[in-house]
Amino acid sequence: DRLSQAMAASKRNGRHGALMFLDLDNFKALNDTHGHAAGDLLLLEAAHRFESCVRQTDTVSRFGGDEFTVLLSELVADRAASISQARIVAENIRTKLAKPYLLTLEQEGHVNIEVEHRCTASIGVTVFLGLEANSDDLLKEADAAMYQAKDAGRNTVRLYQTAKLQPVALAQNQPSS
């Protein structure tokens with residue numbers, strides 16, 4: 001719903017938006033080793049870390065399991081500048097999520113256990129303007145770019161280039177068109 005609203009607003013005001021699809025790397029290992037309670041604690045901590053990376057007008061949502069989406073609405077009219085803004089936010093998220101997690105696991109009748117876990121994120125980004133695509137297509141684009149980030153070794157960001165119809169690296173020194 002928020003994506004559809006952001007797309008309609010983008011059409012009205014001529015400002016780009018960006019959709020990110022994130023998958024937490026190395027999350028399954030935590031669940032397998034320490035159980036779902038540990039995984040739940042990590043997901044809560046990740047959600048808190050998101051708060052410091054996005055504006056109040058942006059939307060972060062858990063898509064399922066260890067996958068999240070981030071919707072950046074009302075960027076700017078210039079596509080290159082919007083890509084740059086999205087890159088900065090995505091890199092900030094990637095950096096914050098990559099910091100070690102210290103999780104306190106409560107155990108009935110036993111002393112609590114402190115677990116340190118490292119979990120990075122693979123992030124795919126697509127930038128949109130108006131209703132040039134539908135919301136399902138945007139999700140597919142961001143998801144495809146996220147899989148490119150995973151294939152590139154994880155803990156990285158990839159931008160889906162609609163004009164080229166292929167995901168590409170989202171690097172500081174890369175042309176933004």
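This report describes selected helices, strands, residues and nonpolar cores of a predicted model.

## Basis of the description

Residues are numbered from 1 along each chain as its sequence is written, and side-chain values use heavy atoms, with hydrogens and water left out. Because the model is predicted, local features need pLDDT of at least 70 and side-chain atom pairs count only at pLDDT 80 or more, whereas totals for chains, interfaces and linings use all residues.

Helix α2 spans residues 27-34 and has Phe-27, Leu-30 and Asn-31 as buried residues; helices (H or I, at least four residues) and strands (E, at least two) are DSSP runs numbered from the N terminus, and buried means under 20% relative accessible area, exposed over 50% and partly exposed in between, with a 1.4 Å probe and protein chains only. These three residues lie on the same side of α2, because they cover an arc of only 95° around the axis, the arc being that of the directions from the helix axis to the C-beta atoms. An α-helix has 3.6 residues a turn, so residues three or four places apart point the same way.

The buried residues of α2 pack against β1 (17-25), α3 (36-51), β4 (101-105) and β5 (113-117), where contact means heavy atoms within 4.5 Å. On the face turned away from the buried side, α2 carries the exposed residues Lys-28, Asp-32 and Thr-33. The helix is followed by Gly-35, whose phi is positive, near 95°.

## Leu-42 in helix α3

Leu-42 lies in helix α3 and counts as buried because its relative accessibility is 0%. Leaving aside neighbours within four places in sequence, Leu-42 is in contact with Phe-27 and Leu-30, and also with Leu-24, Tyr-101, Leu-103, His-117 and Cys-119. Phe-63 is 21 residues from Leu-42 in sequence, and the two are 15 Å apart in space, C-alpha to C-alpha.

Thr-59 lies in strand β2 and is buried, with a relative accessible area of 16%. The side chain of Thr-59 makes a polar contact with the side chain of Arg-2 at 3.2 Å; a polar contact is a pair of N or O atoms within 3.5 Å, of which, within protein, one must be able to donate a hydrogen and the other to accept it, and residues adjacent in sequence count only if both atoms are side-chain atoms. Not counting residues up to four places away in sequence, Thr-59 touches Arg-2, Thr-69, Val-70 and Leu-71.

Arg-62 also has its place in β2, which covers residues 59-64. A polar atom of the Arg-62 side chain lies 2.8 Å from the backbone oxygen of Gly-65, and, with residues up to four places away in sequence not counted, Arg-62 touches Leu-43, Glu-67 and Phe-68.

Strand β7 (residues 157-161) is mostly covered, with 5 of its 5 residues buried. Val-157, Leu-159 and Gln-161 point one way from β7, while Arg-158 and Tyr-160 point the other way. β7 pairs with strand β6 (residues 120-128) in the parallel sense over 4 bridges, and two strands pair if DSSP finds at least two bridges between them. Within this pairing, Thr-126 stands opposite Tyr-160. β6, helix α5 (residues 135-151) and β7 make a left-handed β-α-β unit; a crossover is right-handed if, with the strands pointing away from the viewer, the path from the first strand over the helix to the second runs clockwise.

The loop between α5 and β7 holds Arg-154, which has a positive phi near 70° and is partly exposed at 42% relative accessibility. Asn-155 lies in the loop between α5 and β7 as well; Asn-155 has a positive phi of about 50° although it is not a glycine, and is partly exposed with a relative accessible area of 28%. Most residues other than glycine have a negative phi.

## Nonpolar cores

A nonpolar core is a set of buried Ala, Val, Leu, Ile, Met, Phe, Trp, Tyr and Cys residues joined through side-chain atoms within 4.5 Å. In the largest such core, which has 34 residues, Met-20, Leu-22, Ile-93 and Val-125 touch the most other members. At least two residues of this core come from each of β1, α2, α3, β3 (67-72), α4 (79-98), β4, β6 and β7, and α4 gives the most, with 6 residues.

Not counting residues up to four places away in sequence, Ile-93 touches Met-20, Leu-22, Phe-50, Cys-53, Val-54, Val-70 and Ile-123. A second, separate core has 11 residues, including Leu-3, Ala-6, Phe-128 and Ala-142.
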